[in-house]
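I am opening a notebook on a structure that is new to me. I will look things up one at a time and write down what I find.

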Amino acid sequence: MTLIALGGVIGAGLFVGSGVVIGETGPIAIVSFLLAGGLAILVMRMLGEMAVARPAVGSFYAYARLALGPWGGFTIGWLYWYFWVNVVALEAVTGATIIHAWLPGIDLWVISLCLMVLLTVVNLFSVKSFGEFEYWFASLKIAAIVVFLVIGLAFVVGLWPGAHADAGNLTEHGGFAPKGLGPALTSVIPAVGFFTGAEIAALAAAESTEPRRAVARATHSVVLRVLLFYVGSIFLIVAIVPWNSKSIGDGPYVAALQQIGIPAAADVMRLIILVAVLSALNAGLYSASRIVFALTRNGDAPRGLTRLSGNGVPRRAILLATVLGYVSVVFAYVSPDTVFSFIVHSYGAVALFVYLLVALSQVRLRRRLEREDPGALTLKMWGYPYLSWFTVAAMAIVILAMAFLPDTRMDFVASTLTLAVVLGAYAIRRRRGRT
């Protein structure tokens, strides 16, 4: 559970996307990631409280249904499913692009197909096989981050051969906040997206032998390590490489390793990013299949998806996520400037909508648990109810900010349309249920 939680938040977003945030903000990107990480940790804690008190298949889908009613469960379930189906497609394309750089003679679509088939088979085989693959994927990513932190720290403090203690890049080249506080605050929006994935531990808890203990341990572990891995590595990057260096935009970790003098840094990081991509693809198939399987329990998805294999795997639910993943990948090549572009934008704020509903669910479910079963609250949200409401307000502010910022307005509009479609589908389902 701990490695699944950590592996979920260490992806291509950290290794590649963080360079965009640094380029838009400067060294104060450290603060952007600190704020985003804080929000993700609060949501994870809220989810952990509910998962320990009420372990359930579908996790926050079940909690939203209990706390907010059928509409809440239906909405959060299908939004989360939509999010991960698109992650599957995007990661398949990204992974194929990385491998294509090594094997230019093979078409991108062939490589993408192979990746999809490989991870589909892994997820179809058994829950244990998913866990084994994710365990090794996450272990490799975490090991890479730890090695980077050790080498980077040694370089900054002057313990690396040929280096001398120097963190001047934090204040030189225009200062710590060369573009002001505004970009640092707006950069919290994409940074929050990079942390999405830690909640997979709560989804997987229902299939572990000791769900309460596993989720509690994962929740405790992810708090400090997320801050260490993200904020610590971003601090080292901006201390080693000037924030306005073109190399940071191309790949911040590669730029830092090249500055230190690590040979073959580009190929090493490309391999690590590939592992991160495969991990996200693996997690995407798992998450999408489990949430849609949970949706079937209350008639929010076709009952035919409930059938399990002999190993207890919801194969039809997995294949549904896979099929739509294939369709999305095809769209990426057939019409990259229209259909696939819309898909990318349409789930930009979906994770934030899900997090907001998780937070609202915790506030309401906590009240019920305190009345009906206070003994189940062995893992509690910090500073309830004040910190819980702060998290709700912070998520709402981030979502609203997307509507007014030029760079995120398209994501907001498309994601809101996606939300409207889901709510419309629920209205149709409800009407049919009455007739």
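These entries go from the whole chain to single residues.

**Ground rules.** I am working with a predicted model, where local features need pLDDT of at least 70, side-chain atom pairs count only at pLDDT 80 or more, and totals for chains, interfaces and linings use all residues. I count residues from 1 along each chain as its sequence is written, and side-chain values use heavy atoms, with hydrogens and water left out.

**Overall make-up.** I looked up the secondary structure and found 19 helices and 0 strands. Helices here are DSSP runs of H or I with at least four residues, strands are runs of E with at least two, and numbering starts at the N terminus. Next I checked burial. Of the 435 residues, 56% are buried. Buried means under 20% relative accessible area, exposed over 50%, and partly exposed in between, with a 1.4 Å probe and protein chains only.

I then turned to contacts, meaning heavy atoms within 4.5 Å. Among contacts with a separation of 6 or more, 79% join residues 24 or more positions apart. The accessible surface comes to about 18000 Å², and 68% of it belongs to carbon and sulfur atoms. Those areas come from the Shrake-Rupley method with a 1.4 Å probe; for residues, only the protein chains shown count as cover.

**Core.** Which residues touch the most other members of the largest nonpolar core? I found Phe15 and Phe60, in a core of 127 residues. Helix α14 gives the most to this core, with 16 residues. A nonpolar core is a set of buried Ala, Val, Leu, Ile, Met, Phe, Trp, Tyr and Cys residues joined through side-chain atoms within 4.5 Å.

**Salt bridges.** I looked for a side-chain nitrogen of Lys or Arg within 4 Å of a carboxyl oxygen of Asp or Glu, which is what a salt bridge means here. The structure holds 6.

Arg65 pairs with Asp300, with the closest N and O atoms 3.3 Å apart. Arg65 sits in helix α4 (residues 60–68), while Asp300 is in the loop between α14 (265–296) and α15 (315–334), 235 residues apart. Arg429 also forms a salt bridge with Asp300, at 2.9 Å between the closest N and O atoms. Arg429 lies in helix α19 (residues 409–434), so this pair ties together parts 129 residues apart in sequence.

Is Asp300 buried or exposed? Asp300 is buried, at 5% relative accessible area. Arg65 is partly exposed at 24%, and Arg429 is partly exposed at 28%.

Within α14, Arg270 and Asp267 stand 3 residues apart, about one turn of the helix. Their side chains meet in a salt bridge of 2.8 Å, N to O. I also noted a salt-bridge network linking Glu49, Arg366 and Glu370.

**Surface patch.** Last, I looked for nonpolar patches: Val, Leu, Ile, Met, Phe, Trp or Tyr side chains joined within 5 Å, in residues with over 30% relative accessible area and no salt bridge. Val323, Val327, Val330, Phe331 and Val334 form one, with about 410 Å² of accessible area together. Val334 belongs to helix α15, and Val334 is exposed at 64% relative accessible area.

Methods
Patch = residues over 30% accessible without salt bridge, like charges linked within 9 Å, V, L, I, M, F, W, Y side chains within 5 Å.
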